[in-house]
Amino acid sequence: MFRRSVVKLAAAAAVIALGVGSATAQELPKLEPKDSYKVGFAQTESNNPWRIAQTKSMQDEAQKRGWQLVYTDAAGSAAKQVADVNSMIAQGVDAIFLAPREEKPLIPAVMAAKRAGIPLILLDRSVDPSLAQAGRDYITFIGSDFIEEGRRAGEWLAKTMGGKAKIIELQGTTGSSPANDRAKGFADAIQAHPEMEVVASQSGDFARDKGRQVAETLLQAHPDATAIYAHNDEMAVGAIAAVEAAGKVPGKDITIVSIDGTRDALQAIIDGKLGATVECSPFFGPIAYDTLVKYANGETIPPKIINEDRFFDASNAQELIAEAY
């Protein structure tokens, strides 16, 4: 009996350490309808065009509506991002928008906002659903379907390569929802093609230079690679440089596909160096603030709000590059 009690106490302590505690039993915090809100936006980092475009969209929309925006940049640190959310809570914001760097480490931030009675919306990345749930612990997740993005990239590559390729996979930030889901979607898509083989996978942390470094190392280890799948355009652009440094021609010797839809990626498609990219829109401002207003007005918010994303290849890159960021 004593041993079972100790085990139960240990389990309870573990839950509290994650920031879950008794908050899971409470309802979502309410938000009064107002003409203007003071809101927080906890950004994960600002080291690439996608993040910069997302931040600008949030800032521009706040200015347009006359809302006060408390903006923080975690500089790629989950611990700092948790601290940023706690700072927003201390500043008495009406609501928080969080783009979580990783699925598990940001659970304490989600639960802290809930305990403080502050509604929270996740943007572009989610958190571990076994520890926090939309409609119970936070309002909703707004973003792209990352699994679908990976699937579309995989299907395009399988078709383009005739169902046969030796693939290097440049993965995103380890533990993040887009990295997890884009890997799964891609794997699901190529499963029906036994000769589509992923020969190496390694994280490039969604960064251009790290993607280049990882691609250089993996190309040396696998000189017979014929394709590269990058979880985002920044790593794809880095991979293009790595392919060229290896004395090979991107788009001919090695086919590259990625995700995001940046201007640099579309230009690379036009130049024949990148095969295709699946769009992942960074323009969250209007939909994020609209969703918060609907919540304040008592409307039912779905647990997921999925952005519609386009697909860019040689057939439309030139036509649509002016719309890219």
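This is a predicted model: local features need pLDDT of at least 70, side-chain atom pairs count only at pLDDT 80 or more; totals for chains, interfaces and linings use all residues.
## Overall fold

Residues are numbered from 1 along each chain as its sequence is written, and side-chain values use heavy atoms, with hydrogens and water left out.

The secondary structure comprises 11 helices and 12 strands, taken as DSSP runs (helices H or I, at least four residues; strands E, at least two) and numbered from the N terminus. The radius of gyration, taken over C-alpha atoms, is 21 Å, close to the 20 Å from the globule rule (2.2 Å times the number of residues to the power 0.38) for 325 residues, so the protein is as compact as a globular protein of that length.

## Burial

Of the 325 residues, 53% are buried, that is, under 20% relative accessible area with a 1.4 Å probe and protein chains only.

## Helix α9

Helix α9, residues 263-270, has A265, L266, A268 and I269 as its buried residues. These cover an arc of only 155° around the axis, judged by the directions from the helix axis to the C-beta atoms, which puts them on the same side of α9.

The cover over these buried residues includes α8 (233-245), β10 (276-279), β12 (311-312) and α11 (317-320). After α9 comes G272, which has a positive phi, near 80°.

Methods: Buried means under 20% relative accessible area, exposed over 50%, partly exposed in between (1.4 Å probe, protein chains only). Contact means heavy atoms within 4.5 Å.
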